[in-house]
Amino acid sequence: MITEQVKRQFIDIVGAENYDDSKAGRLVYSYDATPNFQSLPDAVIAPRNTKEVSEIVKICNNERIPIVPRGSGTNLCAGTCPTEGGIVMLFKHMNRILEIDEENLTVTVQPGVITLDLIHAVEAKGLFYPPDPSSMKISTIGGNINENSGGLRGLKYGVTRDYVMGLEVVLANGDIIRTGGKLAKDVAGYDLTRLFVGSEGTLGIITEATLKLIPMPETKQTMLALYEDLEAAARSVSAIIANKIIPTTLEFLDQPTLQVVESFVNIGLPTDVKAVLLIEQDGPKEVVERDMKAMARICREQHAISVQVAKTEEEANNLRTARRSALSALARLKPTTILEDATVPRSQIANMVKAINDIAKKYNVTICTFGHAGDGNLHPTCPTDVRDKDELHRVEQAFEDIFAKAIELGGTITGEHGVGIMKAPYVEWKLGKEGIAAMKAIKQALDPNNIMNPGKVFAKSTRKRVVVTR
């Protein structure tokens with residue numbers, strides 16, 4: 001609980017307008033995009049600068065008050081659900097692009113900058129920031145960094161961590177540190193920048209980030225390949241990579257996903273096929289044309305029944321938008337939509353797709369599968385209803401089997417959604433007891449009072465989705 005004395009201290013720092021402990025204000029930030037997790041914080045606070053963040057953290061550390069740093073709450077692992085109360089920290093005031101450095105090809109931003117706003121700002125100068133999570137219209141850079149977000153372009157360009165060059169971070173004791181910078185080379189000490197990326201707010205609070213930019217690609221083309229056989233589509237992914245072609249985007253959607261997405265966006269997607277691959281390549285014109293021809297040939301060799309190249313940028317953008325809207329479309333089917341995240345080596349995509357379908361049949365649940373097939377990252381998604389306890393139990397069992405299968409195939413339990421609460425019970429499957437112990441040692445060293453987003457990453461006794469009320 002936050003005492004009146006501590007409340008007054010917080011208000012002295014940020015002003016009364018930036019501190020909210022009303023029931024309504026707390027309720028708004030009691031959940032994120034993860035179904036069936038909810039817990040009220042004790043208060044919500046919105047600092048205006050790094051100094052205020054540091055002062056807030058010092059009080060929280062002294063008083064043992066948990067802190068949950070939060071962007072737009074689009075994460076899918078309950079990573080910003082304040083399950084142990086405390087304060088939710090917002091960055092609505094720290095939302096400026098501080099500098100676009102065209103000489104060093106960097107952009108420096110505060111954590112509250114919306115991802116798509118950043119992309120538009122740098123593209124106006126002919127530069128390119130590749131990470132493009134499907135939530136980019138509303139997700140923040142701070143949230144992207146905390147979760148190490150991916151996106152459709154991850155196959156060719158990598159994920160958020162590949163573009164974070166430097167950070168300003170407030171540690172659990174209130175100290176402010178800077179890691180990395182605008183340097184192309186820097187091996188002075190441990191790579192703390194990478195340590196904080198993907199740490200889900202459990203080690204410190206990011207207050208500024210310097211990100212790498214690259215030149216805008218000269219041209220791009222988009223293609224849709226249609227299949228009557230799910231596994232043939234999955235084999236095409238492996239065949240394209242085996243032929244040493246790395247497209248910008250190589251996305252997979254199965255028939256149930258296609259049908260729901262087309263009903264949602266109405267752009268003329270085929271719904272009478274078992275699967276499609278959405279393929280995009282960018283770069284010099286001659287390279288793009290060569291790669292697209294080669295990939296079309298490979299798809300046909302793998303029994304694609306149709307391969308079509310988008311004739312206009314509008315058509316290509318419609319296809320991308322359709323893929324990005326998959327979760328929104330599926331969410332219309334039933335009251336609860338559980339979208340999961342499992343990654344396997346690219347060569348195992350066909351085996352993983354088959355396994356997901358077999359597991360869905362085993363537990364008599366509906367699973368729609370789509371995802372970033374080119375980098376082995378699939379999103380099996382189950383429309384269900386949290387009120388149907390029997391079905392929800394079968395859904396949990398199905399996803400547990402899916403995670404186990406992913407690890408069996410040399411994969412992992414999460415490729416881009418993070419661990420949070422949802423995946424915490426399964427981390428040991430991937431890392432082993434020794435790996436968990438090493439992570440806990442780092443957490444203990446940087447946050448001995450466990451105030452930084454407590455209850456996340458490390459396993460609890462239950463593997464069930466629960467609603468926590470306070």
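Student: What is the handedness of the crossing of α8 and α10?

Tutor: In this predicted model, the crossing of α8 and α10 is right-handed. Helix α10 covers residues 285-301, and its axis comes within 9 Å of the axis of α8, the two crossing at roughly 140°. Helix α8 is therefore oblique to α10.

Student: And which residues in α8 and α10 meet there?

Tutor: On the α8 side they are S236, A239 and I240, and these meet M295, I298 and C299 in α10. Sorted by class, the residues of this contact of α8 with α10 are five nonpolar, one polar and no charged.

Student: OK, now α13. At what angle do α8 and α13 pack?

Tutor: Helix α8, residues 230-242, packs against helix α13, residues 349-363, at an angle of about 150°, and the axes are 8 Å apart. The two helices are therefore roughly antiparallel to each other, and the crossing of α8 and α13 is right-handed.

Student: Which residues in α8 and α13 meet?

Tutor: From α8 the contact takes in L230, E231, A234 and R235, while α13 brings I349, A350, V353, K354 and N357. In terms of class, the contact of α8 with α13 has five nonpolar, one polar and three charged residues.

Student: Zooming out, how is the protein chain divided into domains?

Tutor: The division gives domain 1 at 2-88, domain 2 at 95-213 and domain 3 at 218-407. Taken over C-alpha atoms, the centres of domain 1 and domain 3 are separated by 37 Å.

Student: What does UniProt list for residues 37-216?

Tutor: An unreviewed UniProt entry lists residues 37-216 as "domain: FAD-binding PCMH-type", a label that comes from that record.

Student: How far apart are the end C-alpha atoms of residues 37-216, and how much of the span is helix or strand?

Tutor: The end C-alpha atoms of that span lie 40 Å apart, and residues 37-216 are 22% helix and 24% strand.

Note on methods:
Residues are numbered from 1 along each chain as its sequence is written. This is a predicted model: local features need pLDDT of at least 70, side-chain atom pairs count only at pLDDT 80 or more; totals for chains, interfaces and linings use all residues. Side-chain values use heavy atoms; hydrogens and water are left out. Axes are lines fitted to C-alpha atoms, for helices over the stretch in contact, and angles run from 0 to 180 degrees between N-to-C directions. Helices (H or I, at least four residues) and strands (E, at least two) are DSSP runs, numbered from the N terminus. Angles under 35 degrees count as roughly parallel, over 145 as roughly antiparallel, 65 to 115 as roughly perpendicular and the rest as oblique. A crossing is left-handed if the near helix is turned anticlockwise from the far one by less than a right angle, and right-handed if clockwise. Contact means heavy atoms within 4.5 Å. Ala, Val, Leu, Ile, Met, Phe, Trp, Tyr, Cys and Pro count as nonpolar, Asp, Glu, Lys and Arg as charged, and the others, Gly among them, as polar. UniProt positions are given in the numbering used here, feature names are shortened, and annotations may be inferred rather than shown by experiment. Domain bounds come from an automatic or database domain assignment.
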